[in-house]
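Colleague: I would like to learn how to read a model like this one. Could you walk me through a few features, one at a time?

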2 protein chains.
Amino acid sequence: MKKLSVIKIGGNVIDNSEKLHQFLLDFTALPGDKILIHGGGKIATELGVTLGVEAKMVEGRRITDIETLRVVTMVYAGLINKNMVAQLQAKGCNAIGLTGADGNLIKAVKRPVKDIDYGYVGDLDASSVSTETLSSLLNAGLVPVFCAITHDGDAQLLNTNADTIAAAVAVAMSSLYETSLIYCFEKRGVLRDVDDENSLVTEIRMEQFDALKEEGVVSGGMIPKLHNAFEAIKSGVSAVYIGKADELPQINGSNFGTRLIK
Amino acid sequence: MKKLSVIKIGGNVIDNSEKLHQFLLDFTALPGDKILIHGGGKIATELGVTLGVEAKMVEGRRITDIETLRVVTMVYAGLINKNMVAQLQAKGCNAIGLTGADGNLIKAVKRPVKDIDYGYVGDLDASSVSTETLSSLLNAGLVPVFCAITHDGDAQLLNTNADTIAAAVAVAMSSLYETSLIYCFEKRGVLRDVDDENSLVTEIRMEQFDALKEEGVVSGGMIPKLHNAFEAIKSGVSAVYIGKADELPQINGSNFGTRLIK
């Protein structure tokens, strides 16, 4: 089976042009087939403010109304995605910028209204991903770069969580590729002591997860992150890595962040 | 040789949601391989005004400064292109939205500064088009939908004339496909009497072009349009059609607008 890396970066990389430049160099140097998924960053929020589109919150949750969807479509799919593609091209990476609407690659479902109406937000799982078309792009030598916008197949674009897209793409593609899922975030990975970057836990096996939760090594927002990572592994992904964007080159020596395996 | 239609629509279709809906239905129904190129429309100008980015003019020519480039990247590549793709998907057309940066499909050159500095504007010809990658997309069953943004291969996006992109793509692809180039605009085609839509000239052969100019049947802005069309034909395009978007279905009976041939 051919190898595939599915890599997700967030706003902390996108908002810092030097960090982004270095990351895109490192991403380009990564061998084998690969897919990039990027989050939003501050630009959408700033543009929203300039346009008088206020961030809508209901019970502490962010809502995507139709004006917000317009803004994120412009910023994520237009400004950020296309500039990232142009930068990757300049570095020798044959990137192609995509939303889930393009090639019907990710067909999500508008989140059903229960207690909260989240607005134009997409929910998805691995069955949402068109693996055949995505493989065609990879086989044509292209490197798919997804922003966090999907569609519902009925002409509606949907704002979608980039972590969820990355997991869904990785799980779906694991039927065709030996797939690694790599989350880049602010920290070096799971840390035994949150304030000590040298206390990195380099590997967690699924069977250790419960014990690490009880010990408190994994806590707070890291619990759902790791839970979702192990769900992806249960569904076919070979390994999930959680680490810092600027340490990406170390992944070639399996020395990047925290490695989660079966 | 397989047939390919390269179709260009302008702002008059994009700015009218009913017209656009009907055009996208007609485009979806068109048999064979096809590529869509769309212009900008009023939305970019309106967003520019809201953001305080004024349209810059020098000697009557529109200039693309860096702020204008940001706006058109957001609107053309983000808002318009991705909503058009989502609408095409809903109609059963497997569209994929693209700029020239994606897959390095159209590598243009920033217009050299002579009398006027046009800013971030791209010039291109048929050699700018990556026919191999574009064919891969068509062979994967995808329908490329280009907005009028290209890149220079050195990380710079460029605002580019959609008519020119359409001609360059059609000429480049004519080495692999029997290619028709179809320009949709406000009128039914070349009219003997500009005020009489029933005075349509249904066909012009290259050898008739000079005589029609002398007679005044072809005048004003139509002269460079037809000149460029015949240049495309000289370079391998089978036929160029100039007509009204809402008459597109008639092209199956070769009964659409003015047909330009060798």
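Predicted model: local features only at pLDDT ≥ 70, side-chain atom pairs only at ≥ 80, totals over all residues.

Colleague: Which residues is B:Ser5 in contact with, leaving aside its neighbours within four places in sequence?

Modeller: They are B:Leu30, B:Asp33, B:Lys34, B:Ile35, B:Ser180 and B:Ile182.

Colleague: How should I read the side chains along a strand?

Modeller: In a regular strand, side chains alternate between the two faces of the sheet. Take strand S10 of chain B, residues 157-160: B:Leu157 and B:Asn159 point one way, B:Leu158 and B:Thr160 point the other way, and all are buried.

Colleague: Which strands pair with S10(B), and in what sense?

Modeller: Strand S7 of chain B, residues 121-123, pairs with S10(B) in the parallel sense over 2 bridges, with B:Val121 opposite B:Asn159. Strand S9 of chain B, residues 149-151, runs antiparallel to S10(B) and is joined to it by 3 bridges; here B:His151 stands opposite B:Leu157. S9(B) and S10(B) form a hairpin with 5 residues between them, and B:Gly153 in the turn has a positive phi of about 80°.

Colleague: Now the interface. How is its size expressed?

Modeller: The size of an interface is often given as the accessible area lost when the parts come together. Between chain B and chain A that area is about 2800 Å², with carbon and sulfur atoms giving 72%. On the chain B side, B:Met74, B:Leu79 and B:Lys82 lose the most area to chain A, together 19% of what that side buries.

Colleague: How many salt bridges cross the interface of chain B and chain A?

Modeller: The rule finds 2. One joins the side chains of A:Lys82 and B:Asp102, at 2.8 Å from N to O. As for elements, H4(B) gives the most to the side of chain B that touches chain A, with 14 residues.

Key
Residues numbered from 1 in each chain as written. Chains lettered and ligands numbered in written order. Heavy atoms only, no water. Buried < 20%, exposed > 50% of the residue type's maximum accessible area, 1.4 Å probe, protein only. Helix = DSSP H or I, 4+ residues; strand = E, 2+ residues; numbered from the N terminus. Pairing = 2+ DSSP bridges. Contact = heavy atoms within 4.5 Å. Buried area = accessible area lost by both parts, 1.4 Å probe. Salt bridge = Lys/Arg side-chain N within 4 Å of Asp/Glu carboxyl O.
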